Amino acid sequence: MGNGVKAATAHLPEDAEPARHSPVSKKGDRHDVLSSLLSGALAGALAKTAVAPLDRTKIIFQVSSKRFSAKEAFRLLYFTYLNEGFFSLWRGNSATMVRVVPYAAIQFSAHEEYKRVLGHYYGFYGEALPPWPRLLAGALAGTTAASLTYPLDLVRARMAVTPKEMYSNIFHVFIRISREEGLQTLYHGFTPTLLGVIPYAGLSFFTYETLKSLHREYSGHRQPYPFERMIFGACAGIIGQSASYPLDVVRRRMQTAGVTGYPRTSIVRTMVTIVREEGAVRGLYKGLSMNWLKGPIAVGISFTTFDLMQILLKRLQG
């Protein structure tokens, strides 16, 4: 019987799992959730730290009326380094870590759970999900993580575009916003975030999972090599971020309205203002070329780290 079970599960893809019903399996489920949380947290931290200077530069352009170009972006990086020092390029990264560690942990763990639930619902026990449920699992995971961690994203954006004298640390940002602008400000810009994260997370996870599935099908290898995972993640990052980028610009403009001089308005009015003052393409896609540089790197590192950590933790548990 033991050999029969092994034979029945030997052909399963790496992201599949057999049905579990015993008390022992419930303990295994808890281990799976904890390993997903840990792997996701590490994946997010490494990815965001690697691209933090580029991310800060992109945000500064997004929330201003300055015209973006690669030359101007690298000039900003250079003068920031000269005037404020090397580590100023990572200003706001502590706030990023406070946000991205729980965000990535929740997103990856939620994605694994949504895949399992949708697999059971659609009857794909122990098999890779078909396209539509795969897309839905990614969108639901991103929505869950964004909803639970949004105030930390707003704080991080504020720290990225303000001088050190304005906000001394993360707690100072929360205190000043609450006192001067009201607690509701902590969720200002949440709607465009939610509208943007659905295509971003949905397409990112969908692309990565689809490329892994195609790799298994055509290469005959159960596991992609790390550099192949990086390539799959880079493709996922390009597609996901390109699809949701205009809403990312609107979100940043709304998040920083209180400190950049722009009026606090709705999504539609913010978008209309950007288009009227800067143009549809130059305004709503400002900094996208930098995102094509940093996005694939960050998403590639994130997905690869998560997968390799999952493999390592499962081997240690085994």
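How many helices and how many strands does the protein have? The protein has 13 helices and zero strands, where helices (H or I, at least four residues) and strands (E, at least two) are DSSP runs numbered from the N terminus. The model is predicted, so local features need pLDDT of at least 70 and side-chain atom pairs count only at pLDDT 80 or more, while totals for chains, interfaces and linings use all residues. Residues are numbered from 1 along each chain as its sequence is written, and side-chain values use heavy atoms, with hydrogens and water left out.

**Overall architecture**

- From the N terminus on, the elements run α-α-α-α-α-α-α-α-α-α-α-α-α.
- Buried residues make up 49% of the 318 residues in the protein; buried means under 20% relative accessible area, exposed over 50%, and partly exposed in between (1.4 Å probe, protein chains only).
- The accessible surface comes to about 15700 Å², of which carbon and sulfur atoms hold 66%; accessible areas come from the Shrake-Rupley method with a 1.4 Å probe, and for residues only the protein chains shown count as cover.
- Among contacts (heavy atoms within 4.5 Å) between residues at least 6 apart in sequence, 79% join residues at least 24 apart.

**Nonpolar cores**

- A nonpolar core is a set of buried Ala, Val, Leu, Ile, Met, Phe, Trp, Tyr and Cys residues joined through side-chain atoms within 4.5 Å.
- The largest such core has 15 residues, of which Tyr103, Phe108, Val197, Phe205, Tyr208, Ala236 and Phe303 touch the most other members.
- Two or more residues of this core come from each of helix H5 (93-122), helix H6 (131-161), helix H8 (190-219), helix H9 (226-255) and helix H13 (288-317).
- H8 gives the largest share of this core, four residues.
- Apart from this core lies another, of 11 residues, including Ala95, Met159, Val173 and Phe190.
- Phe205 is in contact with Gln107, Phe108, His111, Gly138 and Phe303, leaving aside its neighbours within four places in sequence.

**Aromatic and charge-ring contacts**

- A search of the whole structure finds 14 aromatic pairs; rings of Phe, Tyr and Trp (its six-membered ring) pair if their centres lie within 6.5 Å, with planes under 30 degrees apart counted as stacked, over 60 as edge-to-face and the rest as tilted.
- Tyr150 and Phe190 form an edge-to-face pair, at 5.4 Å centre to centre and 70 degrees between the planes.
- Because Tyr150 lies in helix H6 and Phe190 in helix H8, this pair ties together parts that are 40 residues apart in sequence.
- Both Tyr150 and Phe190 are buried.
- One aromatic cluster is formed by Phe108, Phe205, Tyr208, Phe303 and Phe306.
- The charged end of Arg99 sits over the ring of Tyr103, 4.6 Å from its centre; this term requires NZ of Lys or CZ of Arg within 6 Å of the ring centre and within 35 degrees of the ring normal.

**Helix H7**

- In helix H7 (residues 170-180), Ile170, Val173 and Ile177 are buried.
- Seen down the axis of H7, its buried residues fall within an arc of 55 degrees, so they line one face of the helix; the arc is that of the directions from the helix axis to the C-beta atoms.
- An α-helix has 3.6 residues a turn, so residues three or four places apart point the same way.
- Phe171 and Arg179 are exposed on the other side of H7.
- H5 and H6 are the elements against which the buried residues of H7 pack.

**Helix H3 and Ala52**

- Helix H3 (residues 52-62) holds Ala52, and H3 is mostly covered, with 11 of its 11 residues buried.
- Ala52 counts as buried because its relative accessibility is 9%.
- Not counting residues up to four places away in sequence, Ala52 touches Leu89, Trp90 and Asn93.
- Ala52 and Asn93 are 41 residues apart in sequence and 6.5 Å apart in space, C-alpha to C-alpha.

- Val100 is in helix H5 and is buried, with a relative accessible area of 4%.
- Beyond its neighbours within four places in sequence, Val100 is in contact with Gly44, Ala45, Lys48 and Ala105.
- Pro133 lies in helix H6 and is buried at a relative accessible area of 6%.
- Beyond its neighbours within four places in sequence, Pro133 is in contact with Leu118 and Tyr122.
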